[in-house]
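Biologist: Could you take me through this model? I would like to go over the strands, the aromatic side chains and the helices.

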Amino acid sequence: MIISEDLLLAYGANYENFEAHQTIFHEGNLPKFYYQIINGIVELNNYHEDGKEFIQNILYDGESFGESFLFDEKAYPTNATAKTSCTVLKLSKTDFFSLLNQNPEVSSKMFKCLAERLYYKYVMLFNVSSPDPLNKLKTVMDYLKGDNDHNKYSFQIPLTRQQLANLTGLRVETVIRTIKKMHNAHLIKVQNRKIFY
C-alpha cells in the first residue's frame with residue numbers, strides 16, 4: 001500500500017464500493033480525490049471514436065490511482081473503471097495535500113510511485129510504436145514479471161488475451177496467434193488457457 005489505511009482514515013478518507021464495470025471517474029471531469037484500492041481491480045482506459053478500448057493501466061489491491069492528476073488543474077485524460085467489484089478508499093484533494101505536507105515519508109513513497117508510473121509509460125509508449133506483435137507482448141510480459149523471479153515459466157500473466165490486446169493496441173486475433181508462436185518457440189508456456197512467463 002502506498003499510504004496506510006489508518007492514515008488515510010485519520011485524514012478523512014471514506015470507503016466506497018463499486019460494482020464491476022462501474023465508472024469511478026470519467027475522462028474530462030476535474031480531479032477531486034485520491035483513490036487507493038483496498039480490494040478489486042481498476043482499469044484506466046480511453047475509448048477511440050469507433051468504440052475500441054485502449055487500456056492505459058490495470059491496478060490491483062493496495063495500488064493508488066488519480067494522484068498524479070491532483071497536482072494540476074487539468075481534467076482527467078482517462079476513465080477509471082472497476083473491472084471487478086471493488087472497495088476503494090477515497091480522500092479529498094485538500095485532505096490529500098494536508099496528509100502529504102504533514103507526512104514527508106509518505107511524500108517520498110508517493111514520488112517513488114509516480115516515478116514507477118512514468119517509467120511504465122515510457123516503456124509502453126515505445127512499445128506501442130513497435131511494428132512487431134511479439135516484441136509488444138514480450139515487453140508487457142517483461143514489465144509485469146519485473147525483477148523478482150528469473151525462472152522460466154514461474155510467473156503467471158494476470159491479463160486476458162483481450163486485455164493484452166487493449167494494452168498493446170493489437171487486435172485480439174493477433175494476440176492469440178502471437179501467443180501460440182511464443183508458446184511454440186518456448187518463450188512462454190500456455191497451460192489451461194493461462195500464460196506462464
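Predicted model: local features only at pLDDT ≥ 70, side-chain atom pairs only at ≥ 80, totals over all residues.

What follows is a conversation about the sheets, the rings and the cores of this structure.

Biologist: Let's start with the open sheet. In what order do its strands lie?
Modeller: The order is β1-β8-β3-β6, a sheet of 4 strands with antiparallel pairing.

Biologist: And which strands stand at the edges?
Modeller: β1 (14-18) and β6 (64-65) do. Each has a single partner strand, so one side of each is left without a neighbour in the sheet.

Biologist: How many bridges are there between β3 and β8?
Modeller: Strand β3 (residues 33-39) and strand β8 (residues 86-92) are antiparallel and share 6 bridges. Y35 stands opposite K90 in β8, and Y34 has L91 as its bridge partner there.

Biologist: What about β3 with β6?
Modeller: Those two strands also run antiparallel, joined by 2 bridges. Q36 has S64 of β6 as its bridge partner.

Biologist: Is β3 mostly covered or uncovered?
Modeller: β3 is mostly covered, with 5 of its 7 residues buried.

Biologist: Which residues do ring pairs link into a cluster?
Modeller: The cluster consists of F25, F33, Y35, F65, F69 and Y76. The structure as a whole holds 11 aromatic pairs. In the pair of F69 and Y76, the ring centres are 5.6 Å apart and the planes are at 90°, so the pair is edge-to-face.

Biologist: Are F69 and Y76 buried or exposed?
Modeller: F69 and Y76 are both buried.

Biologist: Which strands does it pair with?
Modeller: β4 runs antiparallel to strand β5 (residues 53-59), with 6 bridges joining them. β4 also pairs with strand β7 (residues 79-82), again in the antiparallel sense, over 4 bridges. N45 takes part on both sides: it stands opposite I55 in β5, and its bridge partner in β7 is N79.

Biologist: How many residues lie between β4 and β5 in the hairpin?
Modeller: There are 5 residues between them, and G51 in the turn has a positive phi of about 90°.

Biologist: Now the helices. Does the span of α3 agree or disagree with its number of residues?
Modeller: The span agrees, because 25 residues at 1.5 Å a residue should give 36 Å, and the end C-alpha atoms of α3 are 36 Å apart.

Biologist: Which residues in α3 are buried?
Modeller: Among them are V106, M110, L114, Y120 and M124.

Biologist: And the largest nonpolar core: which members touch the most others?
Modeller: L137, M141 and L164 do, in a core of 19 residues. At least two residues of this core come from each of β5, α3 (104-128), α4 (133-145), α5 (161-168) and α6 (172-184).

Biologist: What does L137 touch beyond four places away in sequence?
Modeller: L137 touches L164, T168, L170, V175, T178, I179 and M182.

Biologist: Which residues does the second core include?
Modeller: That separate core has 18 residues, including L8, L91, V106 and M110. L91 is also the bridge partner of Y34, and V106 and M110 are among the buried residues of α3.

Notes. Residues numbered from 1 in each chain as written. Heavy atoms only, no water. Pairing = 2+ DSSP bridges. Phe/Tyr/Trp six-rings, centres within 6.5 Å; stacked < 30°, edge-to-face > 60°. Buried < 20%, exposed > 50% of the residue type's maximum accessible area, 1.4 Å probe, protein only. Core = buried A, V, L, I, M, F, W, Y, C linked by side-chain atoms within 4.5 Å. Contact = heavy atoms within 4.5 Å. Expected span 1.5 Å × (residues − 1).
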